[in-house]
Amino acid sequence: MEEETEISPISDYNGDEVDRLSNLPESLIHHILSFIDMKYSVQTSVLSKRWRYIWTPLRTLSMNFDYSTHRNLHSDVDDYMYFVERVLMLRDNTCDIQKLHLICHEYLEPFTEINFPLETWMLGVVRRNIQDLLLNLPLPEESKLPPCIFTCQSLTKLVLCCDGWRRTMVTLPKSFDLPNLKSLKIKGVTIYDIDLTSKFLSSCPVLESLAITRSIMNLNDIKTPNLKYLTLKHNECHGIGGRKVRFYAPLLTSFICESDMTHELDCALENISSLVTCDITMSVDWNDEEEEPGAFENFSAEDKVQYAQNMMKLLRAVRSVKNLTLSRWLIRVMSEVPELLDCHTFEYSNLRRLTLRPFLSKECLPTIIYLLKISPNIESLCVVINESPYDDGPPKYPLCDEINEDSPDISDDWETGLSLPCFLYDLKTVAIHNVKGRINELKFLEILLKNAMGVQNLVLYCDWDKDPGNMAMTRRMKKFTEKLIEFPRASPYVTFMCF
């Protein structure tokens, strides 16, 4: 038997060692290095003479400081800034910079202008025709960002982020010129000057994506003729003299709104007939130190009416949408003022997919049915059942295998007061998530099956409590489906599936 010869994984057919990685085309090596942090790209310079300067023409520079990997934060922050400075100084400055991401963790003390040469860095990258710029840095509580950022004509994507518990008050420069900026994200920033903010946004004529998160801003009416994606999350955006801020976005296709109900939503949408997807999430403000679980029940009746009216106005504004997602608190606050449901007669005539994340309580049922009735053409309904981990939601309903004569809301007719002629002729698929086998789930499905004419597929995704082999849950879901199959159905073609 011939003796086996061990072949190195980096050997050629003749057994000679070959450095295949180094033999790759330089453009391909640069492409590979563009996916890793700059720290590791620079470390490749010690591999060989071939690699000594291979990182210097890189056009993608991502430098991330993670506080969790460092013990001496102050010295390591100094090292981080020194590293950024050296990279910008030693790189091949005959090559443009396509992307620069500077990230330093938010739990550090704010940088000071004395030891933080941000303006010098930005002047250098702007001269290199930067296209994608992300700054996520612990800036001082009052900061002036380098003016050159706002007059960079090559910039196509800009992210200004001040994460963490503080909001940084930013003073904008006097002039703006961003003719190629298509994507803008602002997070954790306070900007009070309404005129400069208006000039800033109007200097972006081709802006397609705008995201404002956890920021305080004074705004004029915003006209963005090319805007396609708008995200507003937990902001305080105010207009002049208490007037609502209006976004004019005739090409808008996606709108994501997350807001605290305790903060009035001062933004309105105008002329958004092209809207495709909309996700509206309302919540109680848990950031307030005085806020406790159950606080919503202590809101005044006047506040609840005002919140419900605001929600209804927002729902009306997005009535042209095709895919709509609504959160549990929005549904619940509207359920507190049921008379509002009879005062608004608009329809979601374009809506094809509706996703609801309700508590699925008896009190929320009229609002859910109302949303279904004004959506005559929906083809898919997804219900993600919520049960609050706090005491702020409705009480949990009994499980179907624990029902007795004393169980609440069992004998009550849940359809009382509901106007339910057979409807939803186009609804083909219904998916219910987080099913636990509770009686409220059965009641909802009984009403739905009795009135939905076109349903063909009913899919239940059970909450197995991370244990698909849970025998008690298996027995419960068996009893649940047995009861479900016995319900009368408006559609003779329903297929049940349970996962």
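Visitor: At what angle do helix H8 and H9 pack, and how far apart are their axes?

Guide: Helix H8 (residues 365-373) and H9 pack at an angle of about 30°, with axes 12 Å apart. Here axes are lines fitted to C-alpha atoms, for helices over the stretch in contact, and angles run from 0 to 180 degrees between N-to-C directions. Before we go on, this is a predicted model, where local features need pLDDT of at least 70 and side-chain atom pairs count only at pLDDT 80 or more, while totals for chains, interfaces and linings use all residues. Residues are numbered from 1 along each chain as its sequence is written, and side-chain values use heavy atoms, leaving out hydrogens and water.

Visitor: Why is H8 called roughly parallel to H9?

Guide: Angles under 35 degrees count as roughly parallel, over 145 as roughly antiparallel, 65 to 115 as roughly perpendicular and the rest as oblique. The angle is about 30°, so H8 is roughly parallel to H9.

Visitor: Which residues of H8 and H9 meet?

Guide: Leu-365, Ile-368, Ile-369 and Leu-372 in H8 meet Phe-444, Ile-447 and Leu-448 in H9, where contact means heavy atoms within 4.5 Å. These divide into seven nonpolar, no polar and no charged.

Visitor: How do you know whether Thr-355 is buried or exposed?

Guide: Buried means under 20% relative accessible area, exposed over 50%, and partly exposed in between (1.4 Å probe, protein chains only). Thr-355 has 10% relative accessibility, so this residue counts as buried. Thr-355 is found in strand S19 (residues 353-356) and, leaving aside neighbours within four places in sequence, is in contact with Leu-324, Thr-325, Leu-326 and Cys-382.

Visitor: What makes a group of residues a nonpolar core?

Guide: Such a core is a set of buried Ala, Val, Leu, Ile, Met, Phe, Trp, Tyr and Cys residues joined through side-chain atoms within 4.5 Å. The largest one here has 135 residues, and Met-122, Phe-255, Leu-372, Leu-381 and Ile-432 have the most contacts inside it. Helix H9 (residues 439-451) gives the most to this core, with seven residues.

Methods. Helices (H or I, at least four residues) and strands (E, at least two) are DSSP runs, numbered from the N terminus. Ala, Val, Leu, Ile, Met, Phe, Trp, Tyr, Cys and Pro count as nonpolar, Asp, Glu, Lys and Arg as charged, and the others, Gly among them, as polar.
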